[in-house]
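Subject: Structure handover

Hello,

Here is the structure I promised you. Please open it and keep it on screen while you read my notes on its pockets.

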Amino acid sequence: MILRGALLGPLLTGAASLRHLLYGLVLAPRIGGSLGQRLVFAFGLTDEVFATALARPVGAPRPSGAWLIGLALAAWAAWFGGTVAGAIMGDALRRSSTAAA
């Protein structure tokens, strides 16, 4: 039973991460930039970044490597800022409420 659970976790994690391989296959012919820029961009590839990078008008030039890296960094900054804001507000709520503890 424990062995089955130990195998199930990595299996499900791998299956969920498989979508990033598919994202890469879809984006590869549609994005610009050097190999190094694309590798940096791949590190920040999320569902939202994929959708934004993919959405462009027909006939528009391919997104540059710098734009893609900026997109990934902006998404990371929004996530990080939201996490910090949530931690600060959650702590403030906990301190101001006698019921929350």
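A pocket here is an open set of grid points where a 1.4 Å probe fits, with protein on both sides within 12 Å along at least five of seven lines. A volume is the space filled by probe spheres set on those points. Please note that this is a predicted model.

Start with the second largest pocket. It holds about 170 Å³ of space. Its lining is made up of G24, L27, A28, I31, L35, R38, L39, F41, A42 and L45. The top contributor is α2, with 5 residues. By class, the lining has 8 nonpolar residues, 1 polar and 1 charged.

Now turn to the largest pocket. Its volume is about 280 Å³. Which residues line the largest pocket? They are V40, F43, G44, T46, E48, I69, A72, L73, A75, W76 and W79. Here α2 (35-43) and α4 (65-96) each supply at least two lining residues. The largest share comes from α4, which gives 6 residues. Sorted by class, this lining has 8 nonpolar, 2 polar and 1 charged residues.

One thing to trace on screen is α2. This helix supplies at least two residues to the lining of the largest pocket, and it gives the most to the lining of the second largest pocket.

Best wishes

How values were computed: Residues are numbered from 1 along each chain as its sequence is written. This is a predicted model: local features need pLDDT of at least 70, side-chain atom pairs count only at pLDDT 80 or more; totals for chains, interfaces and linings use all residues. Side-chain values use heavy atoms; hydrogens and water are left out. On a 1 Å grid over the protein atoms alone, a cavity is a set of points where a 1.4 Å probe fits but cannot get out, and a pocket is an open set with protein on both sides within 12 Å along at least five of seven lines; lining residues have an atom within 4 Å of a point. Helices (H or I, at least four residues) and strands (E, at least two) are DSSP runs, numbered from the N terminus. Ala, Val, Leu, Ile, Met, Phe, Trp, Tyr, Cys and Pro count as nonpolar, Asp, Glu, Lys and Arg as charged, and the others, Gly among them, as polar.
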